[in-house]
Amino acid sequence: MSVHNENGKELIKVSTKEPKLKPIPNPAETLPEPKMIQSCEELYLAGKHLEQYRHATYIPDDYYLEG
């Protein structure tokens, strides 16, 4: 779409483009069992994550105790 003055000079031009759709990201992976995590830092971060988001099927204490 464009707007022209009385002399035919183009004043404004607007073009529309179809938005590019981004692919849907993969779903989050589940946390491994505490005994499968290698480092104390990873165990702490897993426990902290579970506490923050109050995951219904995991207990953060299991990760802390494993550390």
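Colleague: Which residues make up the largest nonpolar core?

Modeller: This is a predicted model, to begin with. Its largest nonpolar core has five residues, namely I37, L43, A46, L50 and Y63.

Colleague: Which helix gives the most to this core?

Modeller: Helix 1, with three residues.

Colleague: And A46, what does it touch?

Modeller: Leaving out residues up to four places away in sequence, A46 touches L31, I37 and Y63. I37 and Y63 are listed in the core as well.

Colleague: On to the rings. How many aromatic pairs are there?

Modeller: The count comes to one aromatic pair. The rings are those of Y44 and Y64, with centres 6.1 Å apart and planes at 45 degrees.

Colleague: Why is the pair called tilted?

Modeller: Planes under 30 degrees apart count as stacked and those over 60 as edge-to-face, with the rest tilted. The planes of Y44 and Y64 are at 45 degrees, so this pair is tilted.

Colleague: Which parts of the chain does the pair tie together?

Modeller: Y44 lies in helix 1, residues 40-53, and Y64 in helix 2, residues 60-66, so the pair links parts that are 20 residues apart in sequence.

Colleague: Where do Y44 and Y64 fall on accessibility?

Modeller: Y44 is partly exposed at 44% relative accessibility. Y64 is also partly exposed, at 29%.

Colleague: Different topic. How many salt bridges does a search of the whole structure find?

Modeller: One. K35 forms it with E33, and the closest N and O atoms are 3.8 Å apart.

Colleague: Why does that distance count?

Modeller: The nitrogen has to be within 4 Å of a carboxyl oxygen, and the closest N and O atoms of K35 and E33 are 3.8 Å apart.

Colleague: Now the strands. In what sense do strand 1 and strand 2 pair?

Modeller: Antiparallel, over three bridges, with strand 1 at residues 2-4 and strand 2 at residues 10-13. V3 stands opposite I12 in strand 2.

Colleague: Last one: where in the chain is confidence lowest, and where highest?

Modeller: Lowest in strand 1, at a mean pLDDT of 88, and highest in helix 1, at 93. The chain has a mean pLDDT of 89, with 100% of its residues at 70 or more.

Definitions and conventions
Residues are numbered from 1 along each chain as its sequence is written. This is a predicted model: local features need pLDDT of at least 70, side-chain atom pairs count only at pLDDT 80 or more; totals for chains, interfaces and linings use all residues. Side-chain values use heavy atoms; hydrogens and water are left out. Rings of Phe, Tyr and Trp (its six-membered ring) pair if their centres lie within 6.5 Å; planes under 30 degrees apart count as stacked, over 60 as edge-to-face and the rest as tilted. Helices (H or I, at least four residues) and strands (E, at least two) are DSSP runs, numbered from the N terminus. Buried means under 20% relative accessible area, exposed over 50%, partly exposed in between (1.4 Å probe, protein chains only). A salt bridge is a side-chain nitrogen of Lys or Arg within 4 Å of a carboxyl oxygen of Asp or Glu. Two strands pair if DSSP finds at least two bridges between them. A nonpolar core is a set of buried Ala, Val, Leu, Ile, Met, Phe, Trp, Tyr and Cys residues joined through side-chain atoms within 4.5 Å. Contact means heavy atoms within 4.5 Å. pLDDT is the predictor's confidence in each residue, from 0 to 100.
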